[in-house]
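Subject: Handing over the structure

Hello,

Here is the structure I promised to pass on. Please have a look at it first, and then read my notes below.

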Amino acid sequence: MSSLSGGTKELVSLAIPLTELAAEAGRLILSLSKTGFEVRSKADASPVTNADVQAEEMLMRGLGLILPGVPVLAEESASCGQYAETSGTFLVIDPLDGTREYVAGRPEYTVNIGLVIAGRPALGILAVPALGRFYRGVPGGGAQRALAEPGTLPDKHGFTPIATRAQPALPVALTSRGYNDPMTEAFLDMMAIEKRERLGSAYKFGLVAEGSADLYVRFGPTMEWDTAAGEALVVAAGGSVLTPEGELLGYGKVEQDFRNGPFVVWGQPPR
Ligand SMILES: Nc1ncnc2c1ncn2[C@@H]1O[C@H](COP(=O)(O)O)[C@@H](OP(=O)(O)O)[C@H]1O
Ligand SMILES: [Mg+2]
């Protein structure tokens with residue numbers, strides 16, 4: 001068992017070593033993109049590389065030291081049928097979110113580390129190693145970002161506060177690059193937007209959290225490791241993640257194989 005109490009101050013302190021760990025895993029992934037990686041298909045036909053697997057191993061080792069005893073729900077372990085105990089506090093990680101983008105040479109892939117307490121994302125870290133962007137947030141404790149040269153680790157004193165922006169008359173909307181669906185299109189068709197950008201990873205949450213975009217629309221399926229870290233970050237920065245009915249996403253949905261339903265990420269409350 002861990003001795004985590006879940007207080008805001010404790011979580012803000014915990015975010016520091018977790019950010020360093022995500023950045024280390026990101027550096028490993030980025031270096032493998034230069035030296036070469038191997039791609040194979042998973043049971044669901046989605047790609048996986050040795051970068052996903054090695055980064056997950058690094059994260060599991062590091063999390064075992066930082067938060068011993070806290071179960072870790074991890075994408076690659078879950079795809080082999082190994083599920084963590086998620087009825088209490090648990091970590092949820094995607095070691096390489098946006099593997100398709102990574103394989104295609106696009107830079108938006110992320111390392112996601114989330115912490116779920118009482119069914120809610122309580123801390124979130126996103127590293128975007130190829131773009132040198134590092135985000136962290138604790139709902140109630142604020143959100144921060146650091147910028148660094150790609151391939152280098154962020155300066156621990158380089159984190160500055162970020163917040164979502166007031167929604168402009170014509171908002172900037174984000175969607176998945178590769179997994180769009182008719183409901184997402186219909187929702188966007190109903191809105192007057194300035195522009196729409198497609199990106200394949202949790203970087204979309206970072207862009208909403210820092211006020212570069214206003215909403216991220218996702219009616220197609222995602223997994224809890226795609227959203228836990230990003231949701232904590234966006235909420236910490238002043239935004240929200242809501243189902244079309246205005247409900248919160250739940251976490252630890254073992255009976256749904258940790259699959260999320262539709263949601264919209266809002267920088268500011270929906271009007
Ligand atoms: N049919 C499906 N069922 C469950 N999750 C899906 C899915 N299609 C896509 N996803 C999830 O959506 C994520 C990609 O979304 P996006 O491109 O917007 O980041 C995938 O993450 P991975 O790419 O890490 O597997 C995957 O987890
Ligand atoms: Mg993913």
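Between the two domains, 40 residues of domain 1 are in contact with 29 residues of domain 2. Two residues are in contact if their C-beta atoms, placed from the backbone, lie within 7 Å. The domain assignment puts domain 1 at 8-161 and domain 2 at 172-266; such bounds come from an automatic or database domain assignment. Taken over C-alpha atoms, the centres of domain 1 and domain 2 are 18 Å apart.

Before going further, a word on conventions. This is a predicted model, in which local features need pLDDT of at least 70 and side-chain atom pairs count only at pLDDT 80 or more, while totals for chains, interfaces and linings use all residues. Residues are numbered from 1 along each chain as its sequence is written, chains are lettered from A and ligands numbered from 1 in the order in which they are written.

Back to the side of domain 1 that touches domain 2. The elements that give two or more residues to this side are α3 (75-79), β4 (90-97), α4 (99-104), β5 (110-117), β6 (120-128), β7 (133-138) and β8 (142-147). Helices (H or I, at least four residues) and strands (E, at least two) are DSSP runs, numbered from the N terminus. The largest share, eight residues, comes from β6. By class, this side of domain 1 has 19 nonpolar, 11 polar and 10 charged residues. Here Ala, Val, Leu, Ile, Met, Phe, Trp, Tyr, Cys and Pro count as nonpolar, Asp, Glu, Lys and Arg as charged, and the others, Gly among them, as polar.

Now to the ligand. The shell around ligand 1 takes residues from both domain 1 and domain 2, so ligand 1 lies between them. Of the 17 residues around ligand 1, D97, S176, G200, P221 and M223 come nearest; a residue is near a molecule or strand if its C-beta atom, placed from the backbone, lies within 6 Å of it. At least two residues of the shell come from each of β4, α4 and β13 (222-223). The shell has three nonpolar, eight polar and six charged residues.

An unreviewed UniProt entry lists E75, L96, D97, G98, T99 and D226 under "binding site". UniProt positions are given in the numbering used here, feature names are shortened, and annotations may be inferred rather than shown by experiment. These residues span 152 residues in sequence, yet no two of their C-alpha atoms are more than 11.8 Å apart, so they gather at one spot.

Two of the listed residues deserve a look. L96 is in strand β4 and is buried, with 30 other C-beta atoms within 10 Å. (Buried is 20 or more other C-beta atoms within 10 Å of a residue's own, exposed is 12 or fewer, and partly exposed is in between, with C-beta atoms placed from the backbone.) Not counting residues up to four places away in sequence, L96 touches I29, A51, D52, A55, Y102, Y109 and V111. G98 sits in the loop between β4 and α4 and is buried too, with 26 C-beta neighbours inside 10 Å. With the same exclusion of residues up to four places away in sequence, G98 touches E108, Y109, T110, G200 and S201.

Finally, some backbone angles. Most residues other than glycine have a negative phi. A45 has a positive phi near 75°, and F258 has a positive phi near 65°. A45 is in the loop between β1 (39-41) and β2 (47-49) and counts as exposed, with 6 C-beta neighbours inside 10 Å. F258 is in the loop between β14 (240-242) and β15 (259-260) and is buried, with 22 other C-beta atoms within 10 Å.

Best wishes
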